[in-house]
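This report is written for a reader who meets the structure for the first time. Please keep the sequence and the model at hand while reading.

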Amino acid sequence: MIDYLRKILHKKEKTTIVGYLKKLSINRHDLIEQVPDIDVDSPVNAYVTLAMLLKEKGEFYKSLKILEKLKKENLSESEKKLVYLNLALVYKSAGFLDRAEEALKEGISLFPSESFFYYELAQIKKSSGKLEEAVEFLEKAVSLKKEFEDELIHTKLYLADSYIERGRTDKAFKIVRKLNLKVPIPLFYYVLSKLYYFVGETEKGYRKALQGMKLSPKHQAPFLKVIEEFESLSEDKLREIIKEIGLSPVTGKILVEKLKISGDKKQLLTLLQELNAKFPLDPEIKELFLKTLWEIGKRKQVVEEIEKFLLTLKKEKKIFKCENCGYETDTFDWICPRCRHWETLGISCEG
């Protein structure tokens, strides 16, 4: 019965090849200034589109052959931009990072005011662990196009985190103090919390962790890990955190594990009942609750809970939520009405 319930809760639709190809777009071509819309009647754009389709199928050699040949043609400025940037992206997808970097640098020499080349070069440096260089290229990209500002802020915070790991707290503090955040982001509080803990300011570190967990309840695990690393995430400490920020699936599950170890079945059942009532569609909580009921001999209640849950699912109103921009609608469409991304509308539920 529990296995059947788990299947229902974890059920996901398989992505089809047709669906995958529907999502296809010329990678970030919308961010490149003065590049026309893809027109398959234009030979160059048609060949670039074909190269991208081959890339999506994993046929990198054929894709690269087309793009390398196009480079030698007499192209307009906008066509050259499109060819060079897609050539770099195909090399990157194929795992030839040195070739991708070479293509991007060539693109920069030809089009020094095109932000996308700097942005993609930063991504390669970032994936190679060269965060200082990634920040430099992103700063140049941002100076040309503000759309990359969020990426720059996040990369700076990753750099600050790497400095903390290396014991360079002076450099980490320098980065976080200079950040001009327009909206609060969880990563900022995570880095700041870790930084304060690292220099011995435990209370400040703890408070920043709480701020981050309040800001992003779905991403509380990294903050709890930091607290556990520098303090002790005991049962009492966990209850203190729950009192401060409220009960969440993350904190609730950790407390459940601690109560299972201590053997306090009465408190365990009380907590699971509260979690089940508060987060009725969380699969892990539902499984823990039913297993506990079964283990203590309340098997009739297990059946009743499953029947009640299935009835709830039947009555739920289906809402389609875009995975890309968060747009919600009660009608399905292949393309999101807001961000125009293909097949990003997934089913969620509303009571």
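## Basis and overall picture

This is a predicted model, in which local features need pLDDT of at least 70 and side-chain atom pairs count only at pLDDT 80 or more, whereas totals for chains, interfaces and linings use all residues. Residues are numbered from 1 along each chain as its sequence is written, and side-chain values use heavy atoms, with hydrogens and water left out.

The protein has 18 helices and 3 strands; helices (H or I, at least four residues) and strands (E, at least two) are DSSP runs, numbered from the N terminus. Of its 351 residues, 42% count as buried, where buried means under 20% relative accessible area, exposed means over 50%, and partly exposed lies in between, with a 1.4 Å probe and protein chains only. Among the contacts in the protein with a separation of 6 or more, 51% come from residues 24 or more positions apart, a contact being heavy atoms within 4.5 Å.

Axes are lines fitted to C-alpha atoms, for helices over the stretch in contact, and angles run from 0 to 180 degrees between N-to-C directions.

| Helix pair | Angle | Axes |
|---|---|---|
| H8 (residues 131-144) and H9 (residues 149-165) | about 160 degrees | 9 Å apart |
| H14 (residues 235-245) and H15 (residues 249-262) | roughly 150 degrees | within 10 Å |
| H5 (residues 77-94) and H7 (residues 115-127) | about 10 degrees | 11 Å apart |

Angles under 35 degrees count as roughly parallel, over 145 as roughly antiparallel, 65 to 115 as roughly perpendicular and the rest as oblique.

On the side of H8 the contact is made by Leu131, Glu132, Ala134, Val135, Leu138, Glu139 and Val142, and on the side of H9 by Glu149, Glu151, Leu152, Thr155, Lys156, Tyr158, Leu159, Ser162 and Tyr163. These residues divide into 9 nonpolar, 2 polar and 5 charged, where Ala, Val, Leu, Ile, Met, Phe, Trp, Tyr, Cys and Pro count as nonpolar, Asp, Glu, Lys and Arg as charged, and the others, Gly among them, as polar.

H14 and H15 are likewise roughly antiparallel to each other, and the crossing of H14 and H15 is left-handed. Here Glu235, Leu238, Arg239, Ile241 and Ile242 of H14 meet Thr251, Ile254, Leu255, Lys258, Leu259 and Ser262 of H15, a set made up of 6 nonpolar, 2 polar and 3 charged residues.

For H5 and H7, which pack at about 10 degrees, the arrangement is roughly parallel. Lys81, Tyr84, Leu85, Leu89 and Lys92 of H5 make the contact with Phe116, Phe117, Glu120, Gln123 and Ile124 of H7, and the residues concerned divide into 6 nonpolar, 1 polar and 3 charged.

Valine 142, found in helix H8, is buried, with a relative accessible area of 8%. Leaving aside neighbours within four places in sequence, valine 142 is in contact with Phe148, Glu149 and Leu152, and its C-alpha atom is 9.1 Å from that of tyrosine 118, 24 residues apart in sequence.

Glutamate 101 belongs to helix H6 (residues 97-110) and counts as buried because its relative accessibility is 17%. Not counting residues up to four places away in sequence, glutamate 101 touches Leu121, Ile124 and Lys125.

Aspartate 282 is placed in the loop between helix H16 (265-278) and helix H17 (283-295), and at 16% relative accessibility aspartate 282 is also counted as buried. A polar atom of the aspartate 282 side chain lies 3.1 Å from the backbone nitrogen of glutamate 284. Beyond neighbours within four places in sequence, aspartate 282 is in contact with Pro249 and Lys253.

Phenylalanine 230, in helix H13 (residues 221-230), counts as partly exposed at 29% relative accessibility. Residues up to four places away in sequence left out, phenylalanine 230 touches Lys194, Tyr197 and Phe198, while the C-alpha atoms of phenylalanine 230 and glycine 200, 30 residues apart along the chain, are separated by 9.1 Å.

Key:
Polar contact = N/O pair within 3.5 Å; in protein donor to acceptor, adjacent residues only side chain to side chain. Left-handed = near helix turned anticlockwise from the far one by under 90°.
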